[in-house]
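Keep the viewer open and follow along.

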Amino acid sequence: IVFGADGNLARRKTFPALFNLMYKDLIAHDTVIVGYARASMDTDSFRSMVYKAIYKPTVPNQPRNEFLQQVTYGHGEFD
(Lines give C-alpha, C1' and ligand atoms only; values in the text may rest on other atoms or scores of the structure.)
Protein backbone atom coordinates (compact mmCIF):
# COMPACT_ATOMS: atom_id res chain seq x y z
CA ILE A 1 0.00 0.00 0.00
CA VAL A 2 1.35 3.39 -0.99
CA PHE A 3 -0.07 6.09 1.28
CA GLY A 4 -0.16 9.57 -0.23
CA ALA A 5 -0.11 7.90 -3.64
CA ASP A 6 -1.10 11.05 -5.52
CA GLY A 7 1.76 13.08 -4.06
CA ASN A 8 5.05 14.29 -5.46
CA LEU A 9 7.20 11.70 -3.65
CA ALA A 10 5.10 8.82 -4.96
CA ARG A 11 5.21 10.14 -8.53
CA ARG A 12 8.89 10.97 -8.56
CA LYS A 13 10.37 8.14 -6.49
CA THR A 14 8.03 5.42 -5.22
CA PHE A 15 6.24 4.34 -8.41
CA PRO A 16 9.35 4.50 -10.63
CA ALA A 17 11.23 2.42 -8.03
CA LEU A 18 8.44 -0.17 -7.80
CA PHE A 19 8.26 -0.38 -11.58
CA ASN A 20 12.02 -0.83 -11.89
CA LEU A 21 11.98 -3.59 -9.28
CA MET A 22 9.23 -5.41 -11.16
CA TYR A 23 10.92 -4.81 -14.54
CA LYS A 24 14.15 -6.36 -13.19
CA ASP A 25 12.22 -9.33 -11.72
CA LEU A 26 13.13 -8.36 -8.16
CA ILE A 27 9.49 -8.43 -7.06
CA ALA A 28 6.81 -10.78 -8.30
CA HIS A 29 4.85 -9.76 -11.38
CA ASP A 30 1.61 -10.67 -9.62
CA THR A 31 2.22 -8.20 -6.79
CA VAL A 32 -0.74 -5.88 -6.32
CA ILE A 33 0.10 -2.25 -5.60
CA VAL A 34 -2.63 -0.28 -3.86
CA GLY A 35 -2.44 3.50 -3.92
CA TYR A 36 -4.30 5.34 -1.17
CA ALA A 37 -4.77 9.09 -0.84
CA ARG A 38 -7.33 11.75 0.03
CA ALA A 39 -7.97 12.80 -3.57
CA SER A 40 -11.09 11.39 -5.15
CA MET A 41 -10.23 9.72 -8.45
CA ASP A 42 -10.99 6.45 -10.16
CA THR A 43 -8.46 3.71 -10.83
CA ASP A 44 -8.12 4.62 -14.52
CA SER A 45 -7.21 8.23 -13.68
CA PHE A 46 -4.75 6.98 -11.10
CA ARG A 47 -3.17 4.57 -13.59
CA SER A 48 -2.79 7.45 -16.03
CA MET A 49 -0.90 9.41 -13.38
CA VAL A 50 1.30 6.39 -12.61
CA TYR A 51 1.94 5.85 -16.34
CA LYS A 52 3.32 9.37 -16.62
CA ALA A 53 5.47 8.76 -13.54
CA ILE A 54 7.05 5.55 -14.87
CA TYR A 55 7.32 6.48 -18.55
CA LYS A 56 10.76 6.12 -20.12
CA PRO A 57 11.06 6.06 -23.90
CA THR A 58 13.75 3.35 -23.70
CA VAL A 59 11.42 0.85 -22.01
CA PRO A 60 8.87 -1.01 -24.15
CA ASN A 61 5.16 -0.51 -23.43
CA GLN A 62 4.39 -4.13 -22.51
CA PRO A 63 6.15 -4.10 -19.11
CA ARG A 64 4.54 -0.74 -18.28
CA ASN A 65 1.09 -2.02 -19.20
CA GLU A 66 1.62 -5.18 -17.12
CA PHE A 67 2.68 -3.03 -14.17
CA LEU A 68 -0.34 -0.75 -14.53
CA GLN A 69 -2.68 -3.75 -14.42
CA GLN A 70 -1.30 -4.49 -10.95
CA VAL A 71 -2.03 -0.95 -9.71
CA THR A 72 -5.32 0.01 -8.06
CA TYR A 73 -6.50 3.02 -6.08
CA GLY A 74 -8.64 3.87 -3.09
CA HIS A 75 -9.32 7.20 -1.43
CA GLY A 76 -10.41 8.42 1.95
CA GLU A 77 -9.27 10.14 5.11
CA PHE A 78 -6.21 9.15 7.11
CA ASP A 79 -7.76 9.58 10.56
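**From a loop into the core**

Ile27 counts as partly exposed because its relative accessibility is 24%; here buried means under 20% relative accessible area, exposed over 50%, and partly exposed in between, with a 1.4 Å probe and protein chains only. You'll find Ile27 in the loop between H1 and E2, where helices (H or I, at least four residues) and strands (E, at least two) are DSSP runs numbered from the N terminus. Leaving out residues up to four places away in sequence, Ile27 touches Leu18, Leu21 and Met22, a contact being heavy atoms within 4.5 Å. Ile27 and Ala17 are ten residues apart in sequence, with 11 Å between their C-alpha atoms.

A quick word on ground rules: this is a predicted model, in which local features need pLDDT of at least 70 and side-chain atom pairs count only at pLDDT 80 or more, while totals for chains, interfaces and linings use all residues. Residues are numbered from 1 along each chain as its sequence is written, and side-chain values use heavy atoms, with hydrogens and water left out.

Stay in that loop for a moment and look at Asp25, which also sits between H1 and E2. Its phi is near 60°, a positive value in a residue other than glycine. Asp25 counts as exposed because its relative accessibility is 55%.

Now step back into helix H1 itself. H1 covers residues 8–23, 16 residues in all, and reaches 22 Å from its first C-alpha to its last, close to the 22 Å expected at 1.5 Å a residue; the expected span is 1.5 Å times one less than the number of residues. There is a kink, though: about 30° at Thr14, shortly before the proline Pro16. That bend is the angle between axes fitted to the seven residues ending there and the seven starting there.

Which residues of H1 are buried? They are Ala10, Phe15, Pro16, Leu18, Phe19 and Met22. What covers them includes strand E1 (2–3), strand E2 (33–37), helix H2 (43–54) and helix H3 (61–69). Ala17, also in H1, counts as partly exposed because its relative accessibility is 38%. Between the C-alpha atoms of Ala17 and Gly35 there are 14 Å, with the two residues 18 apart in sequence.

In soluble globular proteins, nonpolar side chains tend to be buried together. The largest nonpolar core here has 18 residues, and those with the most contacts inside it are Val2, Phe15, Ile33, Phe46, Val50, Ile54 and Phe67; such a core is a set of buried Ala, Val, Leu, Ile, Met, Phe, Trp, Tyr and Cys residues joined through side-chain atoms within 4.5 Å. H1, E2, H2, H3 and E3 are the elements giving two or more residues to this core, and the largest share, five residues, comes from H1.

Ile33 lies in strand E2 and counts as buried because its relative accessibility is 6%. Setting aside residues up to four places away in sequence, Ile33 touches Val2, Phe15, Leu18, Phe67, Gln70, Val71 and Thr72. Its C-alpha is separated by 6.0 Å from that of Ile1, 32 residues away along the chain. Phe46, with its neighbours within four places left aside, is in contact with Ala5, Phe15, Gly35, Met41, Val71, Thr72 and Tyr73.

Gln70, in the loop between H3 and strand E3 (71–75), counts as buried because its relative accessibility is 16%. Beyond four places in sequence, Gln70 touches Met22, His29, Asp30, Thr31, Val32 and Ile33. Arg64 is in helix H3 and counts as buried because its relative accessibility is 2%. With residues up to four places away not counted, Arg64 touches Phe19, Tyr51, Ile54, Tyr55, Lys56 and Val59. The C-alpha atoms of Arg64 and Met22 are separated by 9.7 Å, with the residues 42 apart along the chain.
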